[in-house]
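Trainee: I have a model open on my screen and I'd like to learn how to read it. Could you walk me through its features?

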Amino acid sequence: MKFPLQKLNQSGDQPFEFEEDVDIRELENMNNDIRRISDVHVQGQATKRGDDITVTFTAEGEMILPCARTLVDVPYPFQIEGLEQFNVSSFYKEEDESEIHPVRGEILDLTPFIKENVLLEVPTRVFCKDDEVHAQALTEGKGWQVVTEEPEENKVDPRMAKLQSLLDEKENNE
């Protein structure tokens with residue numbers, strides 16, 4: 001999501017409004033829990049005051065994450081409110097602790113900041129619903145399968161069979 005600085009200059013004191021779907025699927029290849037992510041719908045506005053640009057935006061989308069218990073795919077919808085500040089001055093020097101990002105060149109690229117905000121939104125754990133677990137859980141694989149235990153019936157130890165028959169007779173006589 002790139003904006004030419006000329007468009008921001010043309011808007012004057014009025015905020016420059018934008019709305020676009022952004023493809024950030026390269027997050028799937030990074031070392032995180034995101035298995036899949038849909039295009040993110042971003043809308044917001046940019047306001048320029050002197051050399052400073054303030055961008056506020058809302059990003060909405062859905063990512064697929066693994067369940068913490070079963071590793072089944074869990075859809076996780078998100079909505080992020082973001083605020084980023086930029087400076088276009090060629091004399092501006094970025095400080096280590098500064099939250100103001102310098103803009104080099106004539107284009108403001110918001111995509112890396114959208115990715116950063118989405119990564120910050122990824123929860124540490126998600127859980128799927130119990131009915132989905134049974135529908136999607138693996139029951140067998142190469143060299144293994146899930147075995148369920150049958151409930152044990154009241155089996156009498158053959159060594160105690162005579163005692164059991166005596167107890168049964170006693171109960172029948174009473």
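Predicted model: local features only at pLDDT ≥ 70, side-chain atom pairs only at ≥ 80, totals over all residues.

Trainee: Fine, the fold then. How many helices and strands does the protein chain have?

Mentor: Counting elements is a handy way in. Here the secondary structure comes to four helices and 10 strands. Read from the N terminus, the order is β-α-β-β-β-β-β-β-β-α-α-β-β-α.

Trainee: And what share of the residues is buried?

Mentor: Of the 174 residues in the protein chain, buried ones make up 29%. The cut-off for that label is under 20% relative accessible area, while exposed means over 50%.

Trainee: Now salt bridges. How many are there?

Mentor: The idea is a side-chain nitrogen of Lys or Arg within 4 Å of a carboxyl oxygen of Asp or Glu. By that rule the count is four. Start with Asp-23 and Arg-25, whose side chains meet at 2.9 Å, N to O. Asp-23 has 37% relative accessibility, so it counts as partly exposed. Arg-25, at 45%, is also partly exposed.

Trainee: What does Lys-115 pair with?

Mentor: Its partner is Glu-26, with 2.3 Å from N to O. Now look at where the two sit: Lys-115 is in helix 2 (residues 111-121) and Glu-26 is in the loop between strand 2 and strand 3 (36-37), so this pair ties together parts that are 89 residues apart in sequence. As for cover, Glu-26 is partly exposed, with a relative accessible area of 36%.

Trainee: How do I read the pair of Arg-36 and Asp-73?

Mentor: The side chains of Arg-36 and Asp-73 form a salt bridge at 3.5 Å, N to O. Because Arg-36 lies in strand 3 and Asp-73 in strand 6 (residues 73-87), the bridge ties together parts 37 residues apart in sequence. Arg-36 is partly exposed at 43% relative accessibility, and Asp-73 is partly exposed at 25%.

Trainee: Let's go back to helix 2. Is Asn-117 buried or exposed?

Mentor: Check its accessibility against the cut-off. Asn-117 lies in helix 2, and at 15% relative accessibility it counts as buried. Then ask what its side chain touches: it makes a polar contact with the side chain of Glu-84, at 3.3 Å.

Trainee: Now the surface. Which residues form the negative patch?

Mentor: For a charged patch, you look for like charges joined within 9 Å, on residues with over 30% relative accessible area and no salt bridge. In this model, Glu-19, Glu-20, Asp-21 and Asp-39 form a negative surface patch. Take Glu-20 as an example. Glu-20 sits in strand 2 (residues 16-22) and is partly exposed, at 37% relative accessibility.

Trainee: And which residues make the nonpolar patch?

Mentor: Met-160, Leu-163 and Leu-166 make a nonpolar surface patch of about 300 Å². Leu-166 is found in helix 4 (residues 161-173). With a relative accessible area of 53%, Leu-166 is exposed.

How values were computed. Residues numbered from 1 in each chain as written. Heavy atoms only, no water. Patch = residues over 30% accessible without salt bridge, like charges linked within 9 Å, V, L, I, M, F, W, Y side chains within 5 Å. Areas by Shrake-Rupley, 256 points an atom, 1.4 Å probe, with all protein chains shown as cover. Lys, Arg positive; Asp, Glu negative; His and termini not counted. Charge placed at Lys NZ, Arg CZ, Asp CG, Glu CD. Buried < 20%, exposed > 50% of the residue type's maximum accessible area, 1.4 Å probe, protein only. Polar contact = N/O pair within 3.5 Å; in protein donor to acceptor, adjacent residues only side chain to side chain.
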